[in-house]
Amino acid sequence: MKDYSGVVIAAPISFGYAKQSPRGANWFIGNTLREMLRSAGLTKDDVDGLAISSFSLGADSAITLTQHFQMSPRWIAQLPYGGAAGLIALRRAARAIQAGDAEVIACVGGDGAAHRSFEGIAANFSNFTIDASFPYGAGGPNTAFSLITQHYMERFGATREDFARIALDQRYNANHYPAALLNHKPLSLEQYLSARRIAGPLHMFDCVMPCAGGEGFLMLSEERARHLSIPCCRILSAGELHNAHREDDVQLRGGWTEYADALYDAAGIGPKDIDILQTYDDYPVISMLQMEDLGFCAKGEGPAFVRDTDMRFDSSGPQERKLPHNTSGGQLSVGQAGSAAGYLGIVESIRQLTGQAGPNQVSGAHRAMVSGFGMINYDRGLCSAAAILGSAET
Amino acid sequence: MSKWQTMRKRLKLNRPSRRRYARPPRQRTPVGMDFTAANLAVPLALQCCTDCGAVQYPPREVCANCLCGSLKWRPASGNGRVLASVTLHHSLWEFFKRRIGAAPWPVATIRLDCEVTVFAHVAAQTFDNTARRDIAAGTAVTVFSHSDCSRNAVLIAVAANTPIGTRAQRSAIAEQLGLTQPAEFTGGI
Ligand SMILES: [Zn+2]
């Protein structure tokens with residue numbers, strides 16, 4: 001696999017998180033793009049590539065947005081891959097820049113949150129959803145994930161207290177990340193355990209809050225970034241694999257198992273050298289699967305791993321092993337802004353690796369593993385993607 | 001504002017929670033409608049490939065094994081085992097919200113002996129340990145189809161050896177689950 005040299009990522013922007021909003025996806029995407037350009041000192045016409053992810057564009061698409069925003073890109077992509085969208089955008093855009101098809105690519109995920117819009121997205125998510133999963137209780141993604149969580153708990157003896165480790169440390173991180181929707185709310189173990197039941201073993205604080213917002217970053221050639229003298233970071237390695245392990249009766253692993261070793265080899269490091277881990281945390285069990293499949297612990301040892309690992313951004317927890325995880329609070333505490341959630345881990349990692357994070361800055365972080373997971377078509381998530389990002393010094 | 005105008009405004013706002021009758025989701029894709037049609041006459045019919053013989057579910061346009069486009073609906077055995085089972089305490093759909101208001105709604109994923117995975121409503125009353133709502137993984141079950149009150153076929157799982165040989169027996173189970181009647185809100189419009 002060819003490396004990602006000559007390409008950098010910059011201009012991390014998280015924009016406009018709100019529990020509900022009358023604004024459409026175009027508003028969130030447009031404003032995110034504006035902030036990205038402003039932070040890089042670029043104009044619209046400097047952008048010659050556009051990658052867009054959104055669930056709520058309605059009749060619009062990446063191409064109609066070019067007229068909406070009056071841009072003329074020579075490279076375009078619409079990447080409707082949910083929790084893996086950001087990483088897939090990053091991989092596609094990096095190759096386009098290396099090939100010379102574009103020089104500056106804006107990658108943006110954004111969604112609105114109109115009143116009751118989530119129901120519509122959940123009910124019409126895919127053909128399998130319409131015919132064979134939504135009619136069974138209409139729980140939306142909670143149904144499939146409660147079944148996956150239930151199975152994982154039965155198989156490996158995970159408890160709610162184990163999942164609480166992930167949720168609580170993330171909430172601590174969110175308490176130090178001003179843009180998080182739950183920034184002002186601390187979460188205790190008692191609150192977590194006594195929360196309202198949602199589906200099977202899932203309770204209130206295991207489920208993300210759908211919201212509106214945008215996340216975006218710029219990808220450009222190293223030379224161009226140097227010219228602009230903007231803080232940026234590099235891609236040490238990246239991979240993806242979709243609908244992997246389709247013979248498994250119930251999902252307990254994702255495609256990461258098939259390329260995690262290759263990622264570390266290409267980056268010349270191991271899991272122990274990762275300073276920050278950003279997993280796709282639509283539910284705590286999914287973060288646990290990623291920790292296992294990405295080699296931080298063996299399959300089934302996720303519960304023991306999170307018990308013994310301090311996942312706070314400032315390493316202030318009592319556990320000896322330190323691994324800052326979802327340093328802005330992840331979707332569980334920031335909110336799940338539709339497709340933007342698939343960009344959140346990358347955007348937060350760029351901030352961290354370039355020292356722009358603010359109150360939740362991890363000190364001395366040089367390598368971040370970002371992982372994505374997405375698209376519950378029927379009984380499991382289909383997409384998997386991951387990348388190791390490095391600070392400019394790496 | 002007259003009562004009539006108030007009612008018209010409510011209808012315009014189209015709030016499902018104000019409707020008198022709520023029904024399960026009616027929408028299906030064309031192959032989903034074929035599933036309903038094929039299941040009218042038998043306890044369970046699944047798509048079979050005319051080329052390689054593979055049985056598949058959810059319904060598709062082509063065979064997932066060999067991509068052959070010629071598929072036939074054939075009667076299938078509903079025997080299988082539970083992969084995972086949960087009760088829902090929250091739903092996005094008004095019909096289920098109302099049903100959950102009375103009792104949590106049990107659903108399960110089931111691996112049928114013909115090697116397909118199905119979602120199904122669970123007829124908890126047919127299991128011995130009705131006290132325990134979440135039925136253990138590996139439990140033997142039988143799955144059959146029945147029309148719900150939005151006139152779509154849906155799958156229902158019962159404990160293995162529950163008598164479901166006659167249409168009356170199957171209907172009684174579906175009715176007991178509350179699937180065959182709309183969920184009524186007496187103050188609704
Ligand atoms: Zn076939």
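The expected span of a helix is 1.5 Å times one less than its number of residues. The views below apply this rule and others to a predicted model.

**Figure 1. Helix H7 of chain A and its surroundings.** Helix H7 of chain A covers residues 160-174 and has 15 residues. From its first C-alpha to its last, helix H7 of chain A reaches 21 Å, close to the 21 Å expected at 1.5 Å a residue. Because 14 of the 15 residues of H7(A) are buried, this helix is largely enclosed by the rest of the structure.

**Figure 2. The two domains of chain A.** Chain A is divided into domain 1 (7-116 + 212-228) and domain 2 (140-207 + 232-391). The C-alpha centres of domain 1 and domain 2 of chain A are 23 Å apart. Contact between them involves 43 residues of domain 1 of chain A and 37 residues of domain 2 of chain A. Together, domain 1 and domain 2 of chain A bury about 2900 Å² between them, with 71% of it on carbon and sulfur atoms. On the side of domain 1 of chain A, A:Ile9, A:Tyr17 and A:Leu87 supply 23% of the area buried against domain 2 of chain A, more than any other three residues.

**Figure 3. Polar and charged links between the domains of chain A.** Between domain 1 and domain 2 of chain A, the count is 2 salt bridges, and 11 residue pairs are in polar contact. Several elements give two or more residues to the side of domain 1 of chain A that touches domain 2 of chain A, among them strand S1 (7-18), helix H3 (85-99) and strand S7 (212-221) of chain A. The side chain of A:Glu240 meets that of A:Arg91 in a salt bridge (2.5 Å, N to O). A:Glu240 also forms a salt bridge with A:Arg92, where the closest N and O atoms are 2.9 Å apart. This second pair links distant parts of the chain, since A:Glu240 is in strand S8 (residues 232-240) of chain A and A:Arg92 is in helix H3 of chain A, 148 residues apart. A:Glu240 is buried, with a relative accessible area of 17%, whereas A:Arg92 is partly exposed, with a relative accessible area of 35%.

**Figure 4. Further salt bridges within chain A.** Over all chains the count comes to 20 salt bridges. In one of them, A:Asp310 pairs with A:Lys322, the closest N and O atoms being 3.0 Å apart. A:Asp310 lies in strand S10 (residues 309-310) of chain A and A:Lys322 in strand S11 (residues 321-322) of chain A, so the pair ties together parts that are 12 residues apart in sequence. A:Asp310 is buried at a relative accessible area of 1%, while A:Lys322 is partly exposed at 36% relative accessibility. The side chains of A:Asp248 and A:Arg253 also meet in a salt bridge (2.8 Å, N to O). Of these two residues, A:Asp248 counts as buried at 14% relative accessibility, and A:Arg253 counts as partly exposed at 26%. Elsewhere, a network of salt bridges links A:Asp46, A:Glu103 and A:Arg224.

**Figure 5. Surroundings of A:Thr279.** A:Thr279 is located in the loop between strand S9 (276-278) and helix H11 (284-293) of chain A. This residue, A:Thr279, is buried, with a relative accessible area of 6%. Its side chain makes a polar contact with the side chain of A:His325 (2.7 Å). Beyond residues up to four places away in sequence, A:Thr279 touches A:Ser287, A:Gln290, A:His325, A:Asn326 and A:Ser371.

**Figure 6. The interface of chain A and chain B.** Here 35 residues of chain A are in contact with 39 residues of chain B. The area buried between chain A and chain B is about 3200 Å², and carbon and sulfur atoms give 62% of it. In chain A, the residues that lose the most area to chain B are A:Asp131, A:Tyr136 and A:Leu147, together 22% of what that side buries. The count between the two chains is 2 salt bridges, including one in which the side chains of A:Asp249 and B:Arg111 meet (3.4 Å, N to O). H6(A) gives the largest share of the side of chain A that touches chain B, 7 residues.

**Figure 7. B:Thr117 and its contacts.** B:Thr117 is found in strand S7 (residues 117-122) of chain B and counts as buried at 8% relative accessibility. The side chain of B:Thr117 makes a polar contact with the side chain of B:Arg111 (2.9 Å). Not counting residues up to four places away in sequence, the residues that B:Thr117 touches include A:Tyr378 and A:Asp379 of chain A, and B:Tyr57 and B:Leu83 of chain B.

Terms used: Residues are numbered from 1 along each chain as its sequence is written. Chains are lettered from A and ligands numbered from 1 in the order in which they are written. This is a predicted model: local features need pLDDT of at least 70, side-chain atom pairs count only at pLDDT 80 or more; totals for chains, interfaces and linings use all residues. Side-chain values use heavy atoms; hydrogens and water are left out. Helices (H or I, at least four residues) and strands (E, at least two) are DSSP runs, numbered from the N terminus. Buried means under 20% relative accessible area, exposed over 50%, partly exposed in between (1.4 Å probe, protein chains only). A polar contact is a pair of N or O atoms within 3.5 Å; within protein, one must be able to donate a hydrogen and the other to accept it, and residues adjacent in sequence count only if both atoms are side-chain atoms. Contact means heavy atoms within 4.5 Å. Domain bounds come from an automatic or database domain assignment. Buried area is the accessible area (1.4 Å probe) that two parts lose on being put together, summed over both. A salt bridge is a side-chain nitrogen of Lys or Arg within 4 Å of a carboxyl oxygen of Asp or Glu.
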